Amino acid sequence: MSSPEVHSAHHAPTSFIGKYVFSKDHKVIGIQYYFLALFSVLLGMTLSLLMRFHMVHPDMKVGWFEKLWPTAAAGGIMTPEMYLSLMTMHGTIMVFFVLTTAPQSGFGNYFLPIQIGAEDMAFPTLNMLSFWTTFLALVVMVAAFFVQGGAPLSGWTAYPPLSGVGRISGPGEGMGQTLWIISIAIFCGASLMGAINFIATTLDLRAKGMSLMRMPLTCWTWFVTAILGLFGFAVLLAAGILLLLDRTAGTSFFIPAGLVVSDQILNHKGGSPLLWQHLFWFFGHPEVYIAILPGMGVTSQLLSTFSRKPIFGYRAMIYAILAIGFLGFLVWGHHMFMSGMSPYSAFAFSVLTMTIGVPSAIKTFNWIGTLWGGKIRFTTAMMFALGFVSLFVTGGLSGIFLGQPSLDLYFHDTYFVVGHFHMIMGVAAIFGMFAGTYYWFPKMFGRMMNETIGKIHFYLTFLGVYAIFTPMHFLGIAGNPRRYADFTNFEFMNSLMPVHTFMTHAAYFTAAVQLLFLFNLFWSLKKGAKATDNPWESTTLEWTIPSPPPFDNFGGHHPVVYHGAYEYSVPGAAKDYVMQTDPAAVSH
Amino acid sequence: MLLGPVVWVLTVVICYFFVAKTWWFPLPISQHGLQYDEQFLRTLVVTGIIFFAAQVALGYVIVRFRDDGRRASYLHGNNKLETLWTSATAVLFIGLVLMGTRIWAEVHWTEAPADAIPIEVLGKQFAWSFRYPGPDGKFGRTDLKLINDAGGNPFGLDDHDPAAKDDLVSASLKVPVGKPIKLILHTRDVIHNFFVRELRLKQDLVPGMEIPFHFTADKIGTYEIPCSELCGLGHFQMRSVLQVMSEADFEKWKQEQLAQK
């Protein structure tokens, strides 16, 4: 299976452009993706702060709003349509350009080849193309803010007819929505290129001795995520093209006959709004796992490393990853219990949804089992991995309510849903990224991050995200619908305003805390203490090479692997970890 | 290590608010609502126990297994435990969904009783309208071209059709208490969602579809209807109310409306 052949697809470039801009080096591309995601997460977070502001002060006049957005915030007061644009763009940017981009394309690109002992990805040029295509998608997406009517207001799910009939359904539904669809289509293309590359690399470029059952769990999650991306983004691309045709070519894939929008009788006939929802969620549900699986991989890797213990149930973890990947394609209908689809298929989808809870529970049990009897070192990276487990449990359990169609009769489209997916797909995944950053920064940049600032950052963020997202569950129980620009029109929502105010303040606080992270990141790039090759005493291949690694990763040398990825505290071994490349015997 | 106690405190605070019910459901006004609340409680108990146990265990291992100079145990897993917790969660989770299926079945797998009062619900950006068939018991003909919101004809009723002439149109949903109601949900532009918290019921209105939906409200009162599917810039103000009235009041209201036609 493994390929001992020398893989010399390209040589180290010498020009600045070849080295840093149009680089084919997977490490540079990984860093490019990481910083693209960092820019996006700051943008997405800023949008969310503006949203939170508007929800508690819908009528407040702010001088600089008018300067920045003369139309959308005419008179300094944010309009409801501007709120919806912020919401749409917040969701879209976070899901596509952060949650899909950083864990997989960022860390995966950088560390998959190294962890399996390869010199680069299988297709370096394709890799470069996929980054620059993602970059183009981001430019097109952000451009939607600046066209007439502004950014679209149909949410990141873009349900037609709202998203399909043009400007008559609302400002932002003109050029803004068109650019949104084009950007998503470009993004799909980029992700497909990336997915093919990840799959080929994992299957073909493993070093001698690196059998699939010796791969670090991070590699397993990147591999399965790539497969999800391959099937998921292909379908979203098709759906996006059909929606674009409905908008621009007068087709009717998603729009039925007999509609009157803004007093205009539409000419469409024969389409089905449900078709979009099926196609969208056929992608959209696996997308949740695209966002979270790499975080699960990093968490597994870190819990084992920093508790100085082998991962508990390595094989069970792999089967759970595969089961999640497979079942992830069979549960999309649980987003559509209230959509008018057959109530009988709702039943089938709900049973499958509960089934996917089982491998997720296996992972949690195994994480606790890994920690049990360990010798835990509380590095910042480890704290974020532990935080991930806590958030994963919390966010996962609210899914047990939403996965039941009977309970969804109330919770669908309330803040309960918003709390659920932010907890698990949002912050748990982001905790995975923080964990990865604190863990791999020394390898990527040759310097250590500051641990004291790191720990303060961890504690404040951990408390902050619980303070923002826990109350959402109570809002949902009280029936507060999501995607409301303000809550003053309904009696029962007025009484929930104190909860909203609390969440808004928690959001300001948590966002401010992220300045600590940014400071730590950029300060450590220049001033951090020099990192050794293996500062965490980890076992995987990236820790056998210099920090940062040379251009071809292993300096012309071909690593040979003798052990699984998590040989910690092996009885009789000289140290409490055995490198994967250490020929010393390990008895099981 | 500090993180353990932090996780414990968080867990207790979160559990407290679920027990104190500071922000909670309004009281249910139907048999279905009561059953719904039972299923919610069952799910809350199961997930609550798992939540509490998992977070406390996480805090425990953090405190108990901090690096204090011991050697960590060299353990690769335990297949027996693995099988045990896999089957336990499978039984619990799937058991829960099966227990809730009866509630779902009564809402969606059964038809409204034959004597249910039919009411057509129309969603449009950003208002609700409700149509009653009038004394002839028939919904009359409508035509898109006759739609006139300002003129009080959101459905586009065709006055040339005698069956349409006596149809009543209302901006709020008025129903008699204790009587089965059959809604026919329909929208003329984008997707909307009909939601009444006190009924514990929710259903999308989908362009091109007419979706039947039934309920019986057992308590007189006024309950808000917030649109619960994003429908555009006025989504947040797409409001109406469900008015559950005594049968006499309901008949009186109908007669008054007919007299005004």
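How far apart do the C-alpha centres of domain 1 of chain B and domain 2 of chain B lie? They lie 35 Å apart, and the domain bounds behind that value come from an automatic or database domain assignment, which gives domain 1 as 3–64 + 83–109 and domain 2 as 117–260.

Before I go on, a word on what we are looking at. This is a predicted model, in which local features need pLDDT of at least 70 and side-chain atom pairs count only at pLDDT 80 or more, while totals for chains, interfaces and linings use all residues. Residues are numbered from 1 along each chain as its sequence is written, and chains are lettered from A and ligands numbered from 1 in the order in which they are written.

On confidence, the model scores ipTM 0.97 and pTM 0.96. For pLDDT, which is the predictor's confidence in each residue, from 0 to 100, chain B averages 96, with 100% of the residues at 70 or above, and chain A averages 95, with 98% of the residues scoring at least 70. The stretch to treat with care is residues 1–9 of chain A, where pLDDT stays under 50 and for which the model has 17 contacts beyond four places in sequence; a contact here is a pair of residues whose C-beta atoms, placed from the backbone, lie within 7 Å.

Let me take chain A next. Chain A holds 17 helices and two strands, where helices (H or I, at least four residues) and strands (E, at least two) are DSSP runs, numbered from the N terminus. With a radius of gyration of 24 Å, close to the 25 Å that the globule rule gives for 588 residues, chain A is as compact as a globular protein of that length; the radius is taken over C-alpha atoms, and the rule is 2.2 Å times the number of residues to the power 0.38. The C-alpha trace of chain A spans about 80 × 55 × 45 Å along its principal axes.

Chain B has five helices and ten strands. Buried residues make up 39% of the chain.

Coming back to the two domains of chain B, ten residues of domain 1 are in contact with eleven residues of domain 2. On the domain 1 side, helix H2 (residues 31–64) of chain B gives the largest share, four residues, and that side divides into six nonpolar, four polar and no charged residues. In this count Ala, Val, Leu, Ile, Met, Phe, Trp, Tyr, Cys and Pro are nonpolar, Asp, Glu, Lys and Arg are charged, and the others, Gly among them, are polar.

Strand S6 (residues 192–196) of chain B pairs with strand S7 (residues 201–205) of chain B in the antiparallel sense over five bridges, pairing being called when DSSP finds at least two bridges between two strands. His192(B) has Leu205(B) of S7(B) as its bridge partner, and Asn193(B) stands opposite Asp204(B). Four residues lie between the strands, and Arg200(B) takes a positive phi near 60° there.

Are the faces of S6(B) covered or open? Both are covered, with His192(B), Phe194(B) and Val196(B) buried on one side and Asn193(B) and Phe195(B) buried on the other. Five of the five residues of S7(B) are buried too, so that strand is largely enclosed by the rest of the structure; Leu201(B), Gln203(B) and Leu205(B) point one way and Lys202(B) and Asp204(B) the other.

Finally, the contact between the chains takes 93 residues from chain A and 80 residues from chain B. Helix H11 (residues 343–371) of chain A supplies the largest share of the chain A side, 13 residues, and that side divides into 58 nonpolar, 26 polar and nine charged residues.

How values were computed:
A residue is buried if 20 or more other C-beta atoms lie within 10 Å of its own, exposed if 12 or fewer, and partly exposed in between; C-beta atoms are placed from the backbone.
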